[in-house]
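Please look over the sequence and the coordinates shown here before reading the report.

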Amino acid sequence: MTDATSIMDREYEAQFGDYFALLKPRVMTLVVFTAFVGMLVAPVSLHPFVGFCAILFIAVGGGASGALNMWWDADIDAVMRRTAKRPVPSGRVGGDEALGIGLALSGFSVVMLGLSTNWAAAALLAFTIFFYAVVYSMWLKRSTPQNIVIGGAAGAFPPMIGWVAATGSVSLESILMFALIFLWTPPHFWALALFMRSDYDDAGVPMLTVTHGRPSTRRHILAYTVILAAFAIWLGFTSAGGPVYLIAAIGLNAWFVKGAWEIFRRNEEIAETDNYSVEKRFFKFSLLYLFLHFGALLADAVLRTAGVIG
Amino acid sequence: MIRAEHEIHQRRRSRNIGLGIVLVGFIAIVFGLTVVKVQQLGAVQGFDHVVRPELLPGEEAPN
């Protein structure tokens with residue numbers, strides 16, 4: 001066999017972008033932003049270059065868990081329209097390659113984070129990768145309708161890792177930042193599940209809307225949103241928060257709880273008549289909600305550094 | 001010898017260039033981290049094999 005025929009035998013040879021897509025770059029942007037804020041609001045300041053490296057390694061760790069998730073979930077990704085074009089189910093990258101890249105980048109990111117900041121942050125990053133790849137993807141995603149809640153925990157760790165990278169330990173502020181994302185995830189995704197007739201069913205992934213019904217999902221959204229509001233406002237009274245955050249949190253949470261209450265009050269008949277407008281508005285607002293909370297934390301940190309607030 | 005540029009070669013080139021950039025970036029990061037970490041060690045020259053008090057802040061050299 002010549003070189004030319006061996007090349008032609010393979011249907012597709014991945015290019016760099018295909019490997020990059022394995023790392024779920026869109027999820028990575030959220031990881032980078034929240035880890036950055038978690039690090040900046042911490043009372044200990046890192047050298048800017050060390051801080052940059054820490055954020056980079058946290059992002060790479062998040063990407064590694066994304067690659068492991070794509071390796072494991074290739075079968076269900078192939079069934080669902082939203083995910084069928086991902087590198088593994090579309091055949092651009094082999095499953096074994098995704099596994100290798102995921103494992104290599106996991107080890108690399110954890111060791112490099114430990115060397116550049118501290119080993120507590122590295123251990124937390126390792127746990128996050130394990131939690132997302134093993135506890136969520138392999139174990140609970142396909143077996144419980146609370147999968148969204150569990151997956152949300154993995155996404156909630158980055159600000160805590162950022163905080164620990166700066167301070168060396170977990171504290172109340174970092175736990176509350178974790179709680180903010182953890183409790184935000186379920187209402188965010190369940191609102192989406194209400195108006196998107198998703199194809200999770202074909203893939204055999206249990207979703208709350210299917211297993212427990214839509215009225216139950218509406219109740220769940222309200223319950224999580226009320227608890228979320230309490231934790232979000234609590235964060236405003238800690239050293240991480242400040243006046244900007246507190247004002248933003250009160251306003252945003254009042255709006256969010258109002259939206260959840262409206263969703264709770266509606267049934268499918270009413271929702272279908274206006275094409276799920278309330279649910280869609282709530283979902284869109286939820287994206288802004290998280291961004292503005294962390295943005296407000298950032299604003300307070302900047303004002304504190306500038307000496308405008310105490 | 002293959003002269004025609006097949007699409008597969010372009011993809012392979014993109015991969016090689018990408019990996020090259022990643023490796024160069026990694027070298028820059030390790031170098032930068034080393035510089036920062038060494039700078040944070042403080043007056044390391046004061047303990048270079050033998051104590052050199054003249055390099056330590058606040059220490060008088062012996063007469």
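## Basis of the model

This is a predicted model, in which local features need pLDDT of at least 70 and side-chain atom pairs count only at pLDDT 80 or more, while totals for chains, interfaces and linings use all residues. Residues are numbered from 1 along each chain as its sequence is written, chains are lettered from A and ligands numbered from 1 in the order in which they are written, and side-chain values use heavy atoms, with hydrogens and water left out.

## Domains and nonpolar cores

The domain assignment of chain A, with bounds that come from an automatic or database assignment, gives domain 1 (15–169) and domain 2 (171–310). Taken over C-alpha atoms, the centres of these two domains of chain A are separated by 22 Å. Their contact (heavy atoms within 4.5 Å) takes 31 residues from domain 1 and 35 residues from domain 2.

A nonpolar core is here a set of buried Ala, Val, Leu, Ile, Met, Phe, Trp, Tyr and Cys residues joined through side-chain atoms within 4.5 Å, where buried means under 20% relative accessible area, exposed over 50% and partly exposed in between, with a 1.4 Å probe and protein chains only. The largest such core has 90 residues, and those with the most contacts inside it are A:Leu180, A:Tyr289 and A:Phe294. Both domain 1 and domain 2 of chain A give residues to this core, so it lies between them. Apart from it lies another core, of twelve residues, including A:Leu22, A:Met28, A:Ala59 and A:Met70. With neighbours within four places in sequence left aside, the contacts of A:Leu180 include A:Leu228, A:Ala232, A:Tyr245, A:Tyr289 and A:Phe294.

## Helices

Helices (H or I, at least four residues) and strands (E, at least two) are DSSP runs numbered from the N terminus, and the expected span of a helix is 1.5 Å times one less than its number of residues. Helix H4 (residues 48–72) of chain A has 25 residues and should span 36 Å, which agrees with the 36 Å between its end C-alpha atoms. Because 18 of the 25 residues of H4(A) are buried, this helix is largely enclosed by the rest of the structure. Helix H3 (residues 25–40) of chain A, with 16 residues, reaches 22 Å from its first C-alpha to its last, close to the 22 Å expected. The buried residues of H3(A), among them A:Val31, A:Phe33, A:Thr34 and A:Ala35, pack against H4, helix H8 (147–167), helix H9 (172–195) and H15 of chain A.

In chain B, the 34 residues of H1(B) should span 50 Å, and the end C-alpha atoms are 49 Å apart, which agrees. Buried residues of H1(B) include B:Ile8, B:Arg11, B:Gly18 and B:Ile29. H1(B) is followed by B:Gly42, whose phi is positive, near 85 degrees.

## The second largest pocket

On a 1 Å grid over the protein atoms alone, a cavity is a set of points where a 1.4 Å probe fits but cannot get out, whereas a pocket is an open set with protein on both sides within 12 Å along at least five of seven lines, and lining residues have an atom within 4 Å of a point. Grid points are joined across faces, edges and corners, and a volume is the space filled by probe spheres set on the points.

About 860 Å³ of space lies in the second largest pocket. Of the 24 residues that line this pocket, the closest to its centre are A:Phe16, A:Leu23, A:Val60, A:Leu105 and B:Val22. Helix H2 (16–22), H4 and helix H6 (95–116) of chain A, together with helix H1 (7–40) of chain B, each supply at least two residues of the lining, and H1(B) gives the most, with nine residues.

## Selected residues

A:Pro158 lies in helix H8 of chain A and is buried, with a relative accessible area of 6%. Although A:Pro158 and A:Phe33 are 125 residues apart in sequence, their C-alpha atoms are 8.9 Å apart in space. Beyond neighbours within four places in sequence, A:Pro158 is in contact with A:Val31, A:Thr34 and A:Ala35. A:Ser286, in helix H15 (residues 277–306) of chain A, is buried with a relative accessible area of 0%.

A:Tyr276 lies in the loop between H14 and H15 of chain A, has a positive phi near 55 degrees and counts as buried at 6% relative accessibility. A:Arg197, by contrast, is exposed, with a relative accessible area of 56%, and touches A:Arg214, A:Glu268, A:Glu272 and A:Tyr276, not counting residues up to four places away in sequence.
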